[in-house]
Amino acid sequence: MQTVHEKVIIVDYGSQYTQLIARRVREHQVFCTITTPEVAKEDLHAPGVKAIVLSGGPSSVYGDDAPRLPDGLMTAGVPILGICYGMQLLSQHFGGRVEASKEREFGRRQVEVVSDACLFKGTPSTQDVWMSHGDQVQELDLAFTVLAKTDTCPWAGVRHKELPIYAIQFHPEVHHSDHGKKIIANFLFDIAGCKGDWRMSAFIDEQTDKIKAQVGSRHVICGLSGGVDSSVAAVLVHRAIGDQLSCIFVDNGVMRKNEGDEVEAAFKEHFHMDFHRVDATDRFLSQLSGVEDPEKKRRIIGHLFIEVFEEKAKEFNDVGFLVQGTLYPDVVESVSVKGGPSQTIKSHHNVGGLPEKLGFELIEPLRDLFKDEVRAVGRELGIPEVLIGRHPFPGPGLAVRVLGDVTPESVALLQDADVILQDEMHRNGIYDDIWQAFCVLLPIHSVGVMGDERTYEKVCAVRCVNSTDGMTADWYPMPYEIMAKISNRIINEVRGINRVVYDISSKPPATIEWE
């Protein structure tokens with residue numbers, strides 16, 4: 001019998017922060033899913049649904065094509081929280097008036113809490129919050145009472161007097177809202193009555209049973225890269241079906257230096273899995289030659305990855321399934337969530353680039369998880385910290401860190417530079433302080449002087465960021481003395497690079513990867 005977890009449904013109206021709402025809910029060990037305003041009434045009314053959150057978004061509620069409230073929302077019988085655009089939709093539904101603000105509000109604002117009996121319980125009477133809106137409620141139906149206000153927004157937080165409906169104009173999900181986490185906790189536990197039953201140990205048991213039932217006696221192949229995601233997916237599936245799983249490692253020539261040997265040793269000797277390494281370096285690099293557009297690179301790698309898989313899979317009998325380490329951020333960044341209004345940022349090789357006639361049924365046991373949840377699963381499964389603690393690595397590998405044309409020479413330059421970066425982080429004890437760190441080879445040359453001779457060589461950018469799940473990220477303030485050592489070693493030890501720069505862009509507005 002399948003376990004029914006308590007669940008929060010987040011309706012996505014296109015906010016850049018929608019995934020952050022989900023992340024904050026998960027941090028409280030409450031499972032949640034993101035859906036569109038066209039969500040079926042049956043889904044809103046399904047067993048286990050404890051609350052519904054309406055996200056912010058770029059639309060105006062008075063626009064002709066503005067997304068509306070989901071059908072069946074008001075009869076779901078669970079608490080509702082509207083954030084920003086979600087608040088405006090609720091206000092409009094109950095007869096309020098929404099208009100363009102005299103000034104677009106973006107950034108920190110101080111709110112005054114008028115009532116701390118529910119949503120704002122346990123938070124200060126004045127607190128900083130993050131605003132991001134061009135419209136706001138100008139008139140509010142008498143059925144609502146004010147919970148919080150600012151000097152420009154008299155209805156910064158409200159609740160319905162009779163129904164369990166709450167709404168706030170600001171964004172509690174971003175860390176700039178000082179007490180946003182507490183506000184979300186109040187909604188989840190005090191208002192919606194959630195218990196917090198989302199545990200990784202339970203997730204493992206449920207996925208194990210699900211995989212066994214799905215696979216039966218057939219054979220399964222796994223795309224193993226050696227990164228955190230594919231490693232956890234492989235070990236989880238191996239736990240469920242044992243020798244029915246064969247792991248295929250496609251060496252595409254754009255991995256980190258010596259990574260192929262390290263992956264082979266780890267999964268053959270430590271995990272004792274049926275491991276098969278396919279050296280397709282020449283094949284990948286030949287198809288990438290002359291390609292500069294990053295989306296084309298991703299598509300080439302994605303399609304070729306599947307081609308190599310299909311060829312290798314023919315060596316096995318009765319293969320019915322392909323395991324992939326797809327994560328929730330992969331899904332929501334690759335496509336508008338289930339057809340919703342969120343903007344596509346970039347495609348991912350293991351989400352949007354699969355051929356229509358794949359020939360295998362997908363097993364994606366991590367599809368609903370954020371990165372830190374995947375690491376927690378890995379630790380529960382006993383995967384060594386040296387693998388679980390590794391920094392994230394993009395599916396297309398160094399192909400999207402060599403900006404411009406990908407050649408064997410450029411890949412080798414980047415591999416050598418990256419080895420130095422990783423080595424210095426470990427030597428100085430900062431590797432675990434950084435969420436992701438890597439080098440990028442820029443498509444420009446720089447004039448330099450070495451040994452009284454003029455050089456005209458490549459430029460290497462160093463990118464170090466901190467994040468929880470990759471949805472947002474802040475650049476890491478690398479100590480100057482370590483930065484200087486990294487730069488000095490790269491310039492002196494990597495022939496072909498004569499200049500190193502440090503990336504101090506955060507996400508947003510930048511992305512973590514350069515391509």
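Analyst: What follows covers the open sheet, then a few strand pairings elsewhere in the numbering.

This is a predicted model, where local features need pLDDT of at least 70, side-chain atom pairs count only at pLDDT 80 or more, and totals for chains, interfaces and linings use all residues. Residues are numbered from 1 along each chain as its sequence is written, and side-chain values use heavy atoms, with hydrogens and water left out.

The open sheet has 5 strands, ordered β12-β11-β10-β13-β14, with parallel pairing. Strands here are DSSP runs of E, at least two residues, and helices are runs of H or I, at least four, numbered from the N terminus. Two strands pair if DSSP finds at least two bridges between them. β12 (274–279) and β14 (361–363) are the edge strands, each pairing on one side only. From one strand to the next, the twist averages 30 degrees.

β13 (residues 319–323) pairs with β14 over 3 bridges, in the parallel sense. Here F321 stands opposite E361 of β14. Helix α7 (residues 259–270) packs on the sheet and touches β11 (245–251) and β12. Contact means heavy atoms within 4.5 Å. The α7 direction makes about 165 degrees with that of β12. Axes are lines fitted to C-alpha atoms, for helices over the stretch in contact, and angles run from 0 to 180 degrees between N-to-C directions.

Now β3 (residues 49–54). β1 (residues 7–11) runs parallel to β3, joined by 5 bridges. K7 stands opposite V49 in β3. β4 (residues 80–83) also runs parallel to β3, through 3 bridges. V53 has L81 of β4 as its bridge partner.
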